[in-house]
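Subject: Structure handover

Hello,

Here is the structure for you to look through. My notes on the helices follow below it.

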Amino acid sequence: MANSYFRQFAIKHNLTVDYGYMYGKYRDFYISLKETLGSTKTLYIITNLKQNNDNLKKVLSIFNEEELTKYCISDYVFNDTNLQFTFELSNDDSYLIVDFLDKFIDSYIACDFKVEMLCGICQKPITNQDKFFSVDIGGILTPVHETCYETGKEEIKKKMAEKNKEINKDTKGYSNGLLGAILFGLIYMLILMGLFFLVQFILEHSEADDSFVTIFQYSPVLVSLIACPLICTGYDLFKGKKGTTKYIIILWTVIITTLLGTFFGFVASLLVLNTGNSFLELLELVGRLIRCEDINPNSSSNFRWGFYIYIVVALILANLSMFFKFSGKKENDEANSNTFEKLE
């Protein structure tokens, strides 16, 4: 969590900022706040209000339609153990989330409901005398009695495993996902190679002093931005299993195909020059140029550094594509759906 407003808020109210969250006890409620890409911020309030819909409606009735528009709430989820509100607010408007939270708590108290922090396992109140842990249960930070954690963690893990099994009932395993990722990774490589070839062809048939063409020669590297979405599509089309391993498979497929695609793209670009060499001979030549083996280092220096710069920029953009793809709330919820981890 990088928002300076929430860091100052956490210091003032003795909350914790870590694991990408701000979390802890605030006005006798256990709350957590998660920031994702852009303006999206999700507030979690641990309460069992959902178990009585009339009471929930009564508390939320304090917010009229005009106020809800001001808070820019884009989504909400009410569960038996927590309430989730997703806001689309800039960092400058972060104070509105605290304003919303304070009004929620004020309304809760005004309705004469007992304010208490509930254990995520036994659902009984955690008093000021009780020692508790903060636990990530399915991506939601939850307070848990120390005794409940030790006695109930195996049961919770079993429930999480059953939930994960239900999520993956229509999938066919990680091997299928790997196959789909590889096939679509090859498509990504072919696109990358084809653009290298096209750019070199345009360069060979353009004016030497054309500034636009000079800039255009760097365009192949932009293809790296589609690496993750394309490879992820292949993984999902082949019904790959959801879970942490999915992201590891996609990460390494993105990295490897970007490296190979850039290398073979450089080779493809040399085909335009009509050097008289075969593709295999050009493969060997590019390898030697990059390593400066058996070639005058001065003659291959520009080529070598151009290749290295392309590789570095391509990998940065490819990893950015993963960041944009998986940093949204939906993807985070999916990735965290089967987690059960105690925060130290």
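Which residues of helix 6 are buried? Keep in mind that this is a predicted model. The buried residues of helix 6 are Gly 177, Gly 180, Ala 181, Phe 184, Gly 185, Tyr 188, Met 189, Leu 192, Met 193, Phe 196, Val 199 and Gln 200.

Helix 6 itself covers residues 174-204, which is 31 residues. From first C-alpha to last, helix 6 reaches 45 Å. That is close to the 45 Å expected at 1.5 Å a residue.

Next, the packing. Two packed helices are described by the angle between their axes and the distance between the axes.

Helix 6 and helix 9 pack at about 25°, and their axes are 8 Å apart. Angles under 35 degrees count as roughly parallel, so helix 6 is roughly parallel to helix 9. The crossing of helix 6 past helix 9 is right-handed. Their contact has 16 nonpolar, 11 polar and 1 charged residues.

Helix 8 (residues 227-237) also packs with helix 9 (residues 244-271). Here the angle is about 130° and the axes lie 10 Å apart. Helix 8 and helix 9 are therefore oblique to each other. Helix 8 passes helix 9 in a right-handed crossing.

Who makes that contact?
- From helix 8: Ala 227, Cys 228, Ile 231, Cys 232, Tyr 235 and Asp 236.
- From helix 9: Lys 246, Ile 249, Ile 250, Thr 253, Val 254 and Thr 257.

By class, the contact of helix 8 with helix 9 has 8 nonpolar, 2 polar and 2 charged residues.

Best wishes

Note on methods. Residues are numbered from 1 along each chain as its sequence is written. This is a predicted model: local features need pLDDT of at least 70, side-chain atom pairs count only at pLDDT 80 or more; totals for chains, interfaces and linings use all residues. Side-chain values use heavy atoms; hydrogens and water are left out. Helices (H or I, at least four residues) and strands (E, at least two) are DSSP runs, numbered from the N terminus. The expected span of a helix is 1.5 Å times one less than its number of residues. Buried means under 20% relative accessible area, exposed over 50%, partly exposed in between (1.4 Å probe, protein chains only). Axes are lines fitted to C-alpha atoms, for helices over the stretch in contact, and angles run from 0 to 180 degrees between N-to-C directions. Angles under 35 degrees count as roughly parallel, over 145 as roughly antiparallel, 65 to 115 as roughly perpendicular and the rest as oblique. A crossing is left-handed if the near helix is turned anticlockwise from the far one by less than a right angle, and right-handed if clockwise. Contact means heavy atoms within 4.5 Å. Ala, Val, Leu, Ile, Met, Phe, Trp, Tyr, Cys and Pro count as nonpolar, Asp, Glu, Lys and Arg as charged, and the others, Gly among them, as polar.
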